[in-house]
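I opened this entry to keep track of what I looked up, one topic after another. The notes follow below the structure.

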Amino acid sequence: MLAQRTLKSLTKAVGVGLHSGQRVELTLRPAAPDTGIVFRRVDLPQPVDIVISAQAVTDTRLASTISSGSAKVHTVEHLMSACAGLGIDNLYVDITAEEVPILDGSASSFVFLLQSAGIALQVAPKRFIRVIKPVEVREGEGANTKWARLSPYEGYKLSFEIDFDHPAVDSTGQRVEFDMGSGAYTRDIARARTFGFTKDVEMMRANGLALGGGLDNAIVMDDYKVLNSDGLRYNDEFVKHKILDAMGDLYLIGKPLLAAYGAFRSGHAMNNKLLRELLAHKDAYEVVTFEDEKKAPQGFATLARAW
Ligand SMILES: [Zn+2]
């Protein structure tokens with residue numbers, strides 16, 4: 001049987017929120033089979049649980065925000081991406097503020113935390129959502145077109161194309177394809193950092209956003225070039241970060257997908273719209289398990305390699 005996974009022990013991290021600039025403590029804890037991933041706001045007078053789901057996503061401006069009643073957690077996508085990449089099914093995420101810490105701006109710190117805690121197999125079959133009919137969402141016309149789609153594929157692969165007209169981005173790859181079957185998530189995707197432009201950052205700061213952002217947790221560009229003295233971690237780091245984000249956004253559906261995801265200029269809003277479109281078409285997907293783990297697609301049966 002291909003089994004569900006959680007952590008062997010708990011692990012903690014302290015950081016700041018990208019937008020709030022607020023100090024936040026994160027505790028990742030093992031959870032029982034079929035719990036799913038549950039964020040718990042432990043700073044509130046009565047702790048509030050927010051169970052991830054496509055419907056729990058209530059705001060997608062700048063980052064993916066989940067909520068339950070008035071309790072919120074912003075910027076969940078990089079931690080969710082690490083969980084998707086390592087195949088974590090069940091996890092409690094205790095958090096002391098409204099935003100997940102940005103750490104180094106990628107998913108690699110979360111991967112490191114999860115792997116340090118150790119990954120445990122559980123006595124319950126891992127459940128996948130297998131896409132059996134294509135679904136697509138699309139917005140805008142001509143130069144403003146953007147779209148995202150899920151198509152049947154016995155495995156999980158993502159392809160993303162960005163279209164940024166900026167000297168520092170033009171010279172890098174703007175399209176990338178990543179297949180989970182390669183087993184290379186931690187090496188090839190997890191280290192890609194979020195990115196921003198100084199002029200947007202100034203505007204966001206004036207509006208009380210990006211207060212925790214800087215050169216140590218983002219690629220920052222002026223009108224011409226990358227300002228980080230160490231340059232890029234991958235020559236196509238920008239579009240790889242979009243794959244990282246998409247993996248996190250899509251994992252909010254609560255189960256790993258068996259599908260091919262393709263997107264052009266998509267973002268958090270459109271990724272969530274795509275999940276809702278899929279769930280609205282009951283004939284477009286089925287929930288499956290693998291009695292014989294040898295029959296499971298590559299990249300899911302074996303635990304992700306350590307560094
Ligand atoms: Zn991101």
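I looked up R233 and found that R233 forms a salt bridge with D104, with the closest N and O atoms 3.1 Å apart; a salt bridge here is a side-chain nitrogen of Lys or Arg within 4 Å of a carboxyl oxygen of Asp or Glu. I noted that the model is predicted, so that local features need pLDDT of at least 70 and side-chain atom pairs count only at pLDDT 80 or more, while totals for chains, interfaces and linings use all residues. Residues are numbered from 1 along each chain as its sequence is written, and side-chain values use heavy atoms, with hydrogens and water left out.

Next I checked the domains, whose bounds come from an automatic or database domain assignment: domain 1 covers 3–125 and domain 2 covers 128–295. Between domain 1 and domain 2 I counted 1 salt bridge. I also saw that 40 residues of domain 1 are in contact with 36 residues of domain 2, where contact means heavy atoms within 4.5 Å.

Then I turned to K240, which I found in helix 6 (residues 237–251), a helix being a DSSP run of H or I with at least four residues, numbered from the N terminus. Is K240 buried or exposed? I noted that K240 is buried because its relative accessible area is 12%, and buried means under 20%, exposed over 50% and partly exposed in between, with a 1.4 Å probe and protein chains only. Leaving out residues up to four places away in sequence, K240 touches V176, D188, I189, A192 and Y234.

How values were computed:
Helix = DSSP H or I, 4+ residues; strand = E, 2+ residues; numbered from the N terminus.
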